[in-house]
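Hello,

Here is the structure I promised to pass on. Please open it first, then read my notes below.

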Amino acid sequence: MAHLLSSSCSLNISCPKTSLNSSKQNLSSFPTSLTLRTSIQPFKTLSLNKKNTPKPFSVNATTLQQDGTKTGSGSDQTSGEKPRPTRVMVIGGDGYCGWATSLHLSNKNYEVAIVDNLVRRHFDDQLGLDSLTPISSIHDRIRRWRSLTQKDINLYIGDVCDFEFLSEAFTSFKPDAVVHFGEQRSAPYSMIDRSRAIYTQQNNVLGTLNVLFAIKEFSEDCHLVKLGTMGEYGTPNIDIEEGYITITHNGRTDTLPYPKQASSFYHLSKVHDSNNIAFTSKAWGIRATDLNQGVVYGVRTDETEMHEELYNRFDYDGIFGTALNRFCVQAAVGHPLTVYGKGGQTRGYLDIRDTVQCVELAIANPAKRGEFRVFNQFTEQFSVNQLAALVTKAGEKLGIEVQTISVPNPRVEAEEHYYNAKHTKLIELGLEPHLLSDSLLDSLLNVAVQFKDRVDTKQIMPSVSWRKIGAKPKTVSA
Ligand SMILES: NC(=O)c1ccc[n+]([C@@H]2O[C@H](COP(=O)([O-])OP(=O)(O)OC[C@H]3O[C@@H](n4cnc5c(N)ncnc54)[C@H](O)[C@@H]3O)[C@@H](O)[C@H]2O)c1
């Protein structure tokens with residue numbers, strides 16, 4: 001048994017605070033037994049790429065290619081279109097979606113700045129977890145990217161809940177667009193105990209609020225692209241629309257935000273984010289796109305494949321692992337696939353290569369001032385039983401015998417239900433989906449097999465129960 005929390009130790013990580021002087025009184029709000037960071041350092045010294053930044057919207061980022069030619073910014077260099085937003089701040093750029101997106105945007109000649117407090121790496125230390133794939137430090141990742149492509153990625157290490165830090169990052173980098181991935185993103189993590197529930201909502205809601213204030217204060221034309229989740233909608237017995245639904249009630253008609261029925265403290269934090277963004281779009285004219293993302297699978301993108309130091313993380317454990325990734329690892333190590341309950345839980349899924357494409361499309365086609373757009377970001381729907389069947393079939397092709405077991409569902413959720421969610425807006429903008437074909441599953445399984453010696457089988461079973469969450473700091477078996 002590993003103690004997740006120790007009351008005798010305190011955690012020192014930058015937490016929501018208004019000034020550096022007030023840091024001490026906030027240090028206890030992050031739930032861990034580890035000392036992570038003592039304070040926010042003057043982040044300018046942590047920026048790998050210190051240089052004078054151009055004024056927003058004033059120039060195309062210019063990058064010297066290996067062949068010596070120069071290219072401009074944005075995706076399309078040949079169409080003669082008006083220059084698109086060029087300077088993109090990726091909050092949470094060291095994480096699973098954020099790292100792949102940062103590289104993709106940099107490769108497309110956007111000027112990229114990663115903002116991250118590296119807390120995801122500390123969750124692993126705290127809980128005794130690890131990525132299936134070995135991942136390099138953020139510094140080595142960025143150095144490797146530069147040596148391969150001659151493209152710089154700016155790095156700001158700090159917490160977006162710290163407004164002073166965020167303000168400095170904004171005024172220094174001057175983003176045209178901010179992609180906000182930087183949240184605690186695991187539903188099980190948020191359901192471990194009271195302190196994790198509070199940390200999740202504080203980190204996510206206050207961080208996003210700070211980003212909104214930073215845009216208003218320093219960069220009011222900046223486009224916010226915020227990662228939400230399809231889980232905000234829950235599983236209603238009607239079709240799920242993209243953000244809004246037109247309702248006729250007692251003879252009157254209105255188009256209203258689609259009802260949200262979140263089912264964990266994590267998902268609830270996302271609902272509150274969406275409300276805050278919608279409100280500030282209206283009140284302050286913020287341009288915003290809420291990407292209600294489905295469950296992401298896969299690990300490879302064109303850029304992360306270029307070198308092992310660019311590998312993305314791949315979570316397979318019961319707390320951070322997502323369904324299909326987890327099943328592939330389970331199959332690779334001969335563990336039965338763990339279907340929760342009846343397995344009829346149906347959700348939207350997408351390949352990580354489509355995550356990066358969707359984010360680029362959102363940036364390249366910004367929302368208008370005061371517009372709050374909602375896109376449902378997924379490409380296909382599957383039930384858990386369907387995923388298990390697909391992995392079993394893919395395993396057979398590779399000579400792996402795959403079994404499936406039903407385990408008691410640790411979550412509170414419908415196990416058989418109607419599910420039909422719209423997802424047309426990103427397709428209309430040009431998304432070309434990578435669908436879950438046999439060949440993709442083969443390659444995902446192959447990655448799992450390649451790294452199977454790194455699998456800690458003790459992390460496979462679910463360890464967090466929605467019903468058993470309590471106020472006491474929780475010990476979880478490891
Ligand atoms: N992975 C999925 O399947 C999935 C599905 C739907 C939505 N999303 C959303 O996409 C986003 C990214 O998910 P992910 O899987 O890449 O998560 P991740 O945990 O791998 O990455 C999140 C990153 O944000 C950083 N971070 C967290 N809090 C921060 C803070 N206060 N200040 C600065 N940095 C902070 C972490 O260190 C980490 O690097 C999340 O908002 C998540 O809710 C993910």
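Just after α8, Gly285 takes a positive phi of about 80°. Keep in mind that this is a predicted model.

The helix itself has 20 residues. From first C-alpha to last, α8 reaches 28 Å, close to the 28 Å expected at 1.5 Å a residue. Its buried residues are Phe265, Tyr266, His267, Leu268, Ser269, Lys270, Val271, Asp273, Ser274, Ile277, Thr280 and Ser281. The cover over these buried residues includes α6 (187–190), α7, β8, β11 (287–293) and β15 (372–377).

Look at Phe265, which lies in α8 (residues 265–284). Phe265 counts as buried because it has 23 C-beta neighbours inside 10 Å, and the cut-off for buried is 20 or more. Which residues does Phe265 touch, leaving aside its neighbours within four places in sequence? They are Ser190, Met191, Ala197, Thr200 and Gln201. Take Ala197: it is 68 residues from Phe265 along the chain, yet their C-alpha atoms are separated by 5.9 Å.

**The ligand shell**

There are 28 residues around the ligand. Gly92, Gly95, Cys97, Gly182 and Arg185 come nearest. The elements that give two or more residues to this shell are α2 (96–107), α3 (119–127), α7 (194–218), β8 (223–229) and β12 (295–297). The largest share comes from α2, with 3 residues.

**Cys222, between α7 and β8**

Two of the shell elements are α7 and β8. Cys222 sits in the loop between α7 and β8. Is Cys222 buried or exposed? Cys222 is buried, because 25 other C-beta atoms lie within 10 Å. Setting aside neighbours within four places in sequence, Cys222 is in contact with Pro175, Asp176, Ala177, Val178 and Ile215. Now compare Cys222 with Ala367. They are 145 residues apart in sequence. In space, C-alpha to C-alpha, they are 9.8 Å apart.

Lys174 has a phi near 55°, a positive value in a residue other than glycine. Lys174 is found in the loop between α5 (163–173) and β7 (177–180). With 20 C-beta neighbours inside 10 Å, Lys174 counts as buried.

Asn250 also has a positive phi, about 50°, although it is not a glycine. Asn250 lies in the loop between β9 (244–249) and β10 (252–257). Why does Asn250 count as exposed? Because it has 4 C-beta neighbours inside 10 Å, and the cut-off for exposed is 12 or fewer.

**Helix α10**

This helix covers residues 352–364. At 1.5 Å a residue, its 13 residues should span 18 Å. The end C-alpha atoms of α10 are 19 Å apart, which agrees.

How many residues of α10 are buried? The count is 12 of its 13 residues, so α10 is mostly covered. The buried residues are Ile352, Arg353, Asp354, Thr355, Val356, Gln357, Cys358, Val359, Glu360, Leu361, Ala362 and Ile363. That list includes the charged residues Arg353, Asp354 and Glu360.

**Where α9 meets α11**

The axes of α9 (residues 323–332) and α11 (residues 384–397) come within 10 Å. They cross at roughly 35°. The crossing is right-handed.

Which residues make the contact? From α9 they are Ala323, Leu324, Phe327, Cys328 and Ala331. From α11 they are Val384, Leu387, Ala388, Val391 and Gly395. By class, the residues of this contact divide into 9 nonpolar, 1 polar and no charged.

**The whole chain**

The protein chain has 13 helices and 18 strands. Of its 478 residues, 49% count as buried. Now take contacts between residues at least 6 apart in sequence. Of these, 81% join residues at least 24 apart.

Best wishes

Notes:
Residues are numbered from 1 along each chain as its sequence is written. This is a predicted model: local features need pLDDT of at least 70, side-chain atom pairs count only at pLDDT 80 or more; totals for chains, interfaces and linings use all residues. A residue is near a molecule or strand if its C-beta atom, placed from the backbone, lies within 6 Å of it. Helices (H or I, at least four residues) and strands (E, at least two) are DSSP runs, numbered from the N terminus. Two residues are in contact if their C-beta atoms, placed from the backbone, lie within 7 Å. The expected span of a helix is 1.5 Å times one less than its number of residues. Axes are lines fitted to C-alpha atoms, for helices over the stretch in contact, and angles run from 0 to 180 degrees between N-to-C directions. A crossing is left-handed if the near helix is turned anticlockwise from the far one by less than a right angle, and right-handed if clockwise.
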